[in-house]
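Biologist: Thanks for sitting down with me. Could you show me the model, and then we can go through it together?

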Amino acid sequence: MKLIYRIAKAELRMLFCSPVAWFLLVIFTLQTALFFTGRYEWFMKGNEYGSGRTMMTSMALFANGIWGIVQNYLYYYIPLLTMGLISRELSSGSIKLLYSSPIRNSQIILGKFLSMVMYAAIMCGILLLYVVYAAFTVENFELPVVLVGLLGLFLLTCTYVAVGLFVSSLTSYQFVAAIGTFIILMLLSMVGGWWQEYDIIRDVTYWLSINGRASTFIMGMLCSEDVLYFPIVTALFLFLTVVRLNAVRQKVRWQVSFGRYVAVILIACTLGYFSSRPKLMGYYDASSTKWNTLTPHSQEIVSKLDGGLTITAYVNILGPNYAMFSFPGFIQRNREQFRLYERFKPEMKLKVVYYYDTITLADGAAGENFAARLASRNETTVRQAAKKMCELFQLDTVRRVLSPEKVRELTDLEGERTFAWELVRESGERTWLRTYDDPMNPFPGEAEMSAAMKRMTLDVPKVGFVEGYGMRSIYDTRPRSYHFFAYKKDFRQALINQGFETVEVDLKKGIPEDVNILTIADMREPFTESEEQVLAEYIVRGGNLYILGEPRRREVMNPLLNKYFGVELLEGTLVQYRLEWLQPDILNCMITPMARELSYYFGLASGVMLPTAAGLEQVADRGFKVIPVLVSDTLNIQKSEQRSYAVWNEMGSLDYVEERLTIDPSKGEVAKDYCTGMALTRMVNGKEQRIMILGDADCISNGEITEGRSQTNFIMDLGTFHWLSNNELPVDVRRPGTKDNRVDIGRAGYYVMNWGFKWIIPLLLAGAGIVLWIRRRSK
């Protein structure tokens with residue numbers, strides 16, 4: 001050990017006697033200081049402008065800031081530092097002096113490696129100065145997260161050093177050694193995509209890739225796979241260097257050296273393969289809010305999935321987005337999609353099945369491509385189109401792509417898109433998880449994935465939509481219907497993608513016992529006596545309801561609303577001249593503070609757009625507690641002269657194109673605050689019955705949801721179903737907010753910090769280098 005330390009000390013002395021080490025250290029300090037002080041200038045100006053608050057300051061400064069910058073810089077610094085470690089000895093002939101001394105090759109390598117580890121520690125020490133300063137100026141600083149990120153950068157630097165040390169032993173030319181190190185590091189970044197079509201080799205090459213390894217640390221996550229990766233790969237290149245020097249020193253035949261190289265690589269890959277097995281992996285999330293971990297609700301859902309779970313991705317190669325799921329690259333990305341769940345259920349099995357089948361217009365409409373056009377031509381059969389796609393993407397049609405007949409033996413893909421996951425439990429329960437028509441992020445998030453898994457663990461809420469009587473259908477794609485919100489499979493917020501089961505209910509046949517929520521939307525015809533009796537029995541037993549009315553349905557719906565709930569739709573259509581670009585019959589309603597206590601979803605949106613809405617009024621007490629949910633957004637007209645902002649119930653024509661609508665009290669039009677949505681509750685058989693009534697049925701229609709003005713409407717209605725389902729679905733994946741959101745720094749403090757990090761520290765380093773160089777020259 002003393003010999004290793006002496007070699008490291010001599011190497012470090014030689015390193016700092018050269019201008020390269022000092023120059024790189026000064027440049028490194030300047031680059032990191034420029035970014036760090038730039039972020040603090042932003043914080044300082046925020047304090048001066050009165051905000052003084054940001055989101056997740058620790059992340060903005062380090063995880064998503066300086067650590068990422070340093071990670072990219074290291075790729076360029078380390079080859080320049082390691083290029084002469086051994087190549088200099090080879091070119092000068094001094095390596096022969098080392099060979100003639102009683103020193104083993106392993107001691108030489110470890111001594112030189114230790115010297116560079118010390119240099120890496122100095123670089124991390126400079127970074128640690130930023131951490132210390134931030135710890136004293138950022139309120140509730142996420143110190144564990146930042147230190148874990150710094151550890152990742154240190155381990156990454158050590159691995160880069162080992163690679164550079166090995167390449168330096170291969171040549172006597174330092175420039176060639178630097179270029180060779182760049183090439184090896186590039187190959188380590190690319191190897192994750194090699195030979196992905198072979199099962200075992202895929203896991204090994206994907207593990208060997210260095211891409212993203214430090215990023216896990218930077219986000220504050222310690223995973224045993226990544227923690228072991230750096231020591232294993234570092235040891236791999238150190239052993240390769242020892243084998244190389246032994247071959248030169250002992251004149252070993254190339255066949256023997258090659259066998260040793262292969263043996264060292266196989267041992268490292270074997271260790272890496274077992275370290276990446278889900279059952280053998282351990283985790284530690286250093287973040288205060290555990291943002292690298294599933295939320296407690298999702299963990300609870302996964303814990304109930306006892307037994308085996310198989311998740312199979314079905315990919316139609318003729319689909320319009322096949323390139324996104326193409327073989328073989330998607331196989332590992334598919335595992336990354338479920339990595340958070342694999343941590344808590346490591347025995348789950350992930351499969352990818354490629355097949356070909358016909359392309360419907362609905363599948364190809366959003367992104368018609370070569371395959372879709374090819375399959376739709378009359379002169380080209382589906383089999384011929386699939387064969388051409390396999391030739392284009394170099395797919396093995398025999399081993400990898402199933403025919404329509406074979407894939408239908410595995411599962412029923414009827415009604416699913418050209419890509420979907422099927423989740424199957426060992427006990428037989430199964431469900432689908434889908435991608436969505438979202439160009440920014442088509443993949444499901446934690447809410448959708450946990451909802452799909454929850455469908456297999458308990459009786460999920462079933463939502464029934466009463467059919468007939470001119471009401472809105474969940475299967476109709478026309479603008480007035482509810483297909484988008486209830487049943488559209490590529491719409492993220494659709495009820496079926498949030499864990500609900502949706503069906504249409506025929507009152508003539510009765511309401512199924514497993515229907516938990518009954519929706520009555522825009523009833524145009526009154527129920528028959530027998531049908532109303534079926535509804536009454538559902539209400540008496542404590543069933544939850546969602547009732548959506550329209551101004552023109554007052555005569556039909558009021559008898560029902562009054563009889564059972566003591567509520568009526570008011571006469572007229574609510575109008576308001578609120579914005580110049582908004583039609584007066586499109587009402588902007590605010591969610592009340594009382595409603596925000598019913599469901600957290602109601603707190604995610606400030607207002608809701610209701611086109612052609614009617615006001616609601618309680619006219620009798622039927623034993624329900626009434627909670628206003630939506631109220632018209634108006635100014636107090638008694639204290640303001642801006643009467644044009646008032647809301648009133650327009651009793652006449654809604655022809656606002658020819659002339660401006662005005663309040664006419666003689667027609668019974670009244671300007672005031674109107675309630676347009678209310679929640680009713682009461683206890684029935686020891687259970688709380690929940691009723692939601694809205695004065696508008698268009699707010700969640702296909703046409704309104706696709707309007708840019710109504711992006712918050714589906715949030716409001718997801719909140720409604722969240723409340724009606726007793727807060728079971730959608731799955732609550734909220735996390736507590738981070739507290740590191742204030743930086744205490746003024747202009748004076750910023751100037752001191754700016755001068756210290758950008759000028760004083762670099763100048764001190766440069767001065768130390770110059771003094772050392774002059775002293776060496778004088779000797």
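Biologist: Just after helix 22, which residue takes a positive phi?

Modeller: Happy to start there, with a word on the source: this is a predicted model, where local features need pLDDT of at least 70, side-chain atom pairs count only at pLDDT 80 or more, and totals for chains, interfaces and linings use all residues. Residues are numbered from 1 along each chain as its sequence is written, and side-chain values use heavy atoms, with hydrogens and water left out. Helices (H or I, at least four residues) and strands (E, at least two) are DSSP runs, numbered from the N terminus. Helix 22 covers residues 529–540, and the residue with a positive phi of about 95° just after helix 22 is Gly542.

Biologist: What covers the buried residues of helix 22?

Modeller: Buried means under 20% relative accessible area, exposed over 50%, and partly exposed in between, with a 1.4 Å probe and protein chains only. By that rule the buried residues of helix 22 are Glu531, Val534, Leu535, Ala536, Tyr538 and Ile539. With contact meaning heavy atoms within 4.5 Å, their cover includes strand 10 (515–521), strand 11, helix 23 (554–565), strand 19 and strand 20.

Biologist: Which residue is the bridge partner of Thr681 in strand 20?

Modeller: Two strands pair if DSSP finds at least two bridges between them. Strand 19 (residues 675–684) pairs with strand 20 in the antiparallel sense over eight bridges, and the two form a hairpin with two residues between them, where Asn685 in the turn has a positive phi of about 55°. In strand 20, Thr681 has as its bridge partner Arg690.

Biologist: In the open sheet with the order 5-4-3-6-7, which strands stand at the edges?

Modeller: Five strands form this sheet, and the pairing is mixed. An edge strand has a single partner strand, so one side is left without a neighbour in the sheet. That describes strand 5 (401–402) and strand 7 (430–434).

Biologist: Over what arc do the buried residues of helix 1 lie?

Modeller: The buried residues of helix 1 are Ile4, Ile7, Ala8, Glu11, Leu12, Leu15 and Phe16. The arc is that of the directions from the helix axis to the C-beta atoms. These residues sit on the same side of helix 1, because they cover an arc of only 155°.

Biologist: Which residues are exposed on the other side of helix 1?

Modeller: The buried residues of helix 1 pack against several helices, including helix 2 (19–49) and helix 27 (747–778). On the other side of helix 1, the exposed residues are Lys2 and Arg6.

Conventions. The expected span of a helix is 1.5 Å times one less than its number of residues.
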